[in-house]
Structures are given as C-alpha cells and as structure tokens.
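Have the sequence and the structure open as you read.

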Amino acid sequence: MRSIKDYFFILFVSILVLGVVRICNADGLRKNFYKQTTCPKAEDLVRSLTRVKAQANPALGAKLLRLQFHDCFVMGCDASILLDRVGTDQAEKDARPNLSVSGYQEINDIKAKIEQACPGVVSCADILALAARDAVSFSFPTPLWDVLTGRRDGNVSLASEVNGNIPGPSSNFTSLKQLFLNKGLNVNDLVALSGAHTVGFAHCGTFSRRLYNFTGKGDTDPSLDATYIESLKAQCPNPADPQTTVEMDPQSSGSFDSSYFNILVQNKGLFQSDAALLTDRASSKTVQQLRKPRAFLDEFGKSMKKMAAIGVITGNAGQIRKQCGKINS
C-alpha cells in the first residue's frame, strides 16, 4: 500500500509535468527559449533590429509575413526558403511561386547582427518567426502574438518541393481547404491567415485574368464588384505590366487591421482565392466574425502560432546556421 509520501510525490511530479506542458508544445518549442541560453536577450535584439528596419520600410511586415508563410508551407518552418542554390540545384527561392517573395536581405542583416552578439545560438528559423511578428506589431503598443522559440535550421532546400504546397491567387475553396488541412490547419486558420492580405501590394499579373479574360472569352469575373473592376483596369491595363502593383486592401494597405474582411464582403477581394472564402458556409461565417477588429487580431495571432509550428526542427536535429543563405560547412 502506498504511503502518504508516495502520493505527495506523484502529485508533485504531475504538477511539474503540467507546468512544462503549458509552456512547451508537442514540437519542442517553448516561450522564452533563449532565456536559458548564452543569448538571453535574443528576442529583444531581434525586436529592436526589426523596429529600425520597419521604421525605414513600412511594407516590411507584409514582406516578412509572406516569407514566413512560404517557408512554413514547404518542408516546415525551418528557414529552408532562405537558402541559396548550390551549383545547378535550384532552391525553394528559385521556384516560380517564390520569385516575387522578398525580405531575405532584412533577415540576413538581422542574423549578422545576432551572430556578432551571440555566435551560433539563434536559428534563422526563429529570427524569421520573431521578425515577422515584430514587423507587423511595429505600430502597436505590444506584440500581437506570442512566438514560441527553439527552432533549428534545415539543411535542404529544393525548388521541386514548392509546387503544390503554396496556394495560388486563383485557388478555389476546395483546394485551399485541403492544402491547409494537409498542414494541420483548419478553415478558421485559412480565413484568419488570409487576413494578412490587409497589408501589402500585388502585381497586376496575379489577378489580371479576373479583369480581362476570366473564362477565356474576354470577360470579367462576375463575383468581383463592377466599380472595383474599373478601378483595377485603370491601374492595370492589358497586358499586365510586370512592374505595376496595386494595394491588396484598397485605402488600407498600410494598416494591419480587419479592413480586409470588410472589403471582402463588398466583393472587392483582389484574388480569386480571396473571393473563394465567401463560397463556403463555414468560411463565410468566419469572414463575418473577423470583421470585428479585436476578433481578427486575436484569431490571427492564434493561427500564426499554429502555422509557425508546422514541421519544426528542434533538439539536436538540423543546425544553427552561421549565415541564413547557406548551410554550415
């Protein structure tokens, strides 16, 4: 028969385990990971360096969000998108869906500064996750979501892994839903993360078919607001100029807010993949809910935490790159 001492020991262990579970997720990430390393100020350093860059470039938040999304959806959040090609083998950044992705230099700059302060401690994958959050949160009094840390960097980057893993601007709801499910994300995450389109710009070529040749008969997309179509045509004549860009969220592309969902219900979503969110009952209901500013920020933060845990490398796997663009020799 167990003694009272045994029961207290079991209770103590249970409480200890529950406490650990609260701050760690199943993938080995945890809050304030670097506090227990030789670089306890890592997150503060990333935040201060990112703020300087965001002040100089207000579009940085949109760029880094997209960079992180494209990294996590291909082989997990391992900073593989940052790797340069080796020889003739194309890397992820060379794949067509990633040719318009930017923000690489900013991450490389931050990494170089971190390496000067704490060599070989902070991963490029964590820097990307932190910098994306901090660039978006720049104009807010506090960070918009927590970033769990402890990621390590991957050693492989292949362009061939990209196609089929990144949703395109012409994706329908069925394909969007399945792609997100494949990554462990649900419909609510799909809608919330689409809200990132409230900031940034898009090249005309990514949506010009909706304006000039939607079904191959020289027609326009009937799901797009007619007045908005004329406004877009004025900015993007046919054929599309590859250098011309337009706001993804008209009149609000510089503010991280719920405006995206308001224009979406007005049939002014720029991409077919935006309009697709209104074609499903559950998705459309979430769109309506996220029109509330606080609801959007809360749900976006939750979904970013989930996305940032996709396929992470932790423990002794992978490596901590010295430079984000190449694996350690």
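Cysteine 72 and cysteine 77 are joined by a disulfide, S to S 2.0 Å; a disulfide here is a pair of cysteine sulfur atoms within 2.5 Å. The model is predicted: local features need pLDDT of at least 70, side-chain atom pairs count only at pLDDT 80 or more, and totals for chains, interfaces and linings use all residues. Residues are numbered from 1 along each chain as its sequence is written, and side-chain values use heavy atoms, with hydrogens and water left out.

- The link of cysteine 72 and cysteine 77 is right-handed, with 120 degrees about the S-S bond.
- Cysteine 72 counts as buried at 1% relative accessibility; buried means under 20% relative accessible area, exposed over 50%, partly exposed in between (1.4 Å probe, protein chains only).
- Cysteine 77 is buried too, at 3%.

- The sulfur atoms of cysteine 39 and cysteine 118 sit 2.1 Å apart in a disulfide.
- This pair links distant parts of the chain, 79 residues apart.
- Cysteine 39 lies in the loop between α1 (4–23) and α2 (42–56), cysteine 118 in the loop between α4 (104–117) and α5 (124–136).
- Helices (H or I, at least four residues) and strands (E, at least two) are DSSP runs, numbered from the N terminus.
- The link of cysteine 39 and cysteine 118 is right-handed, at 70 degrees.

- Cysteine 204 and cysteine 236 form a disulfide, S to S 2.0 Å.
- Their link is left-handed, with -65 degrees about the S-S bond.
- Both cysteine 204 and cysteine 236 are buried.

**Overall pattern**
- The structure holds four disulfides.
- Counting bonded cysteines along the chain, the pattern is 1-4, 2-3, 5-8, 6-7.
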